[in-house]
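Visitor: I would like a close look at one part of this model, and then to follow what it joins on to. Please take it step by step.

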Amino acid sequence: MTFVRSPRVTVFPDSRRAAVVVAARLANAVQSNPALVLGLATGRTPVALYEELARATAARRLDWSRVTTFNLDEFLGLPPEHPASYRQFMEQHLFRHVNIRAENVNFLVGTADPAEECRRYEQAIAAAGGIDIQILGIGTNGHIGFNEPGPALQSRTHRVSLRPETRRSNAELFAGDADKVPAEALSMGMATILQARSVILLANGESKAECIERTVHGPLTTQLPASFLQLHHDVDVILDEAAAARLQPLSALP
Ligand code: PGA
């Protein structure tokens, strides 16, 4: 009997090679489906992916005019034009390098009424026909989007309090001062993420090795939100060697 293992894990010698391969997959997806709906992530990890995607776009003259994007999360209280907002991060790293239309870029607005904004976002994703490919990073604490570990998780887009380690890891956007990182955010929920037709999670470096081990080998627990990706039938976990260091070889698994 053959068991399909989910998630599928692919390990690259370094993060740049991983970015080149994932960028090629996304470029192929845009080419074969010009109306692709992409879910996007911020953070240090996807920066190389966006660089490679911008490069592939120029090299292949890819047309993004019908592509729609939805980002995972945004800081509560920051307007879209704030230099530390995730919206500006995406402008800088991807959107200004491709011919995406502003009206096809979907973002949670940190200054909107939170409950109303979360409802609006869920409706917008549904109206777009759902997300075809969702890109994810992972926090060292196992969060995806801003679904932080705890006794419970939220299924839908919601307002969330950020954990101290998450604020520290975002300090770079706020001149190195973790106290300046907003204490709250808006984030897609677990079901919002799990409803994407396929998911690509990227992780690099030894600081991610432990949460990747728990993501891949389980058990499912709200204390490690990424472990719920095991419930999805089409997840790729793309790692450099350092992030893969604690994974058991496939042959050792039951
Ligand atoms: P990082 O963040 O890419 O900066 O490590 C990932 C995340 O917190 O989701």
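With which residue does Arg 8 form a salt bridge, and how far apart are the closest N and O atoms?

Guide: The partner of Arg 8 is Asp 234, and the closest N and O atoms of the pair are 2.5 Å apart. A salt bridge here is a side-chain nitrogen of Lys or Arg within 4 Å of a carboxyl oxygen of Asp or Glu. Helices (H or I, at least four residues) and strands (E, at least two) are DSSP runs, numbered from the N terminus.

Two notes on the model come next. The model is predicted, so local features need pLDDT of at least 70 and side-chain atom pairs count only at pLDDT 80 or more, while totals for chains, interfaces and linings use all residues. Residues are numbered from 1 along each chain as its sequence is written, and side-chain values use heavy atoms, with hydrogens and water left out.

Arg 8 is partly exposed, with a relative accessible area of 37%. On this scale, buried means under 20% relative accessible area, exposed over 50%, and partly exposed in between (1.4 Å probe, protein chains only). Arg 8 and Asp 234 also belong to a network of salt bridges that links them with Arg 25 and Asp 236.

The surrounding strands give the setting. Strand 1 pairs with strand 10 (residues 235-240) in the parallel sense, over five bridges; two strands pair if DSSP finds at least two bridges between them. Within this pairing, Val 11 stands opposite Leu 239 in strand 10. Both strands belong to an open sheet of seven strands with parallel pairing, in the order 1-10-9-6-2-3-5. Strand 1 (8-12) and strand 5 (105-106) are the edge strands, each pairing on one side only.

Strand 9 is largely enclosed by the rest of the structure, because six of its six residues are buried. Ser 198, Ile 200 and Leu 202 point one way from strand 9, and Val 199, Leu 201 and Ala 203 the other way. In a regular strand the side chains alternate between the two faces of the sheet.

Strand 6 runs parallel to strand 9 and is joined to it by four bridges, with Ser 198 as the bridge partner of Ile 133. Asp 132 pairs with Arg 197, their closest N and O atoms being 2.9 Å apart. Asp 132 lies in the loop between helix 4 (114-127) and strand 6 (133-136), and Arg 197 in the loop between helix 6 (190-194) and strand 9 (198-203), so the pair ties together parts that are 65 residues apart in sequence. Asp 132 is buried, with a relative accessible area of 14%, whereas Arg 197 is partly exposed at 44%.

The structure holds 17 salt bridges. Another of them joins the side chains of Lys 180 and Asp 177 (3.4 Å, N to O). Lys 180 counts as exposed at 53% relative accessibility, and Asp 177 is partly exposed at 26%.

Residues with a heavy atom within 4 Å count as near the ligand; Gly 43, Arg 44, Thr 45, Gly 137, Ile 138, Gly 139, His 143 and Lys 208 surround it. A polar side-chain atom of Thr 45 lies 2.5 Å from a ligand oxygen, and an N or O atom in the side chain of His 143 is 2.7 Å from an oxygen of the ligand. The protein covers 85% of the 280 Å² of accessible area that the ligand has on its own, with areas from the Shrake-Rupley method and a 1.4 Å probe; for residues, only the protein chains shown count as cover.

His 143 also makes a side-chain polar contact with Thr 166 (3.4 Å). A polar contact is a pair of N or O atoms within 3.5 Å; within protein, one must be able to donate a hydrogen and the other to accept it, and residues adjacent in sequence count only if both atoms are side-chain atoms. Thr 166 lies in helix 5 (residues 164-169) and is buried at 2% relative accessibility. The side chain of Thr 166 makes another polar contact, of 2.7 Å, with that of Glu 148.
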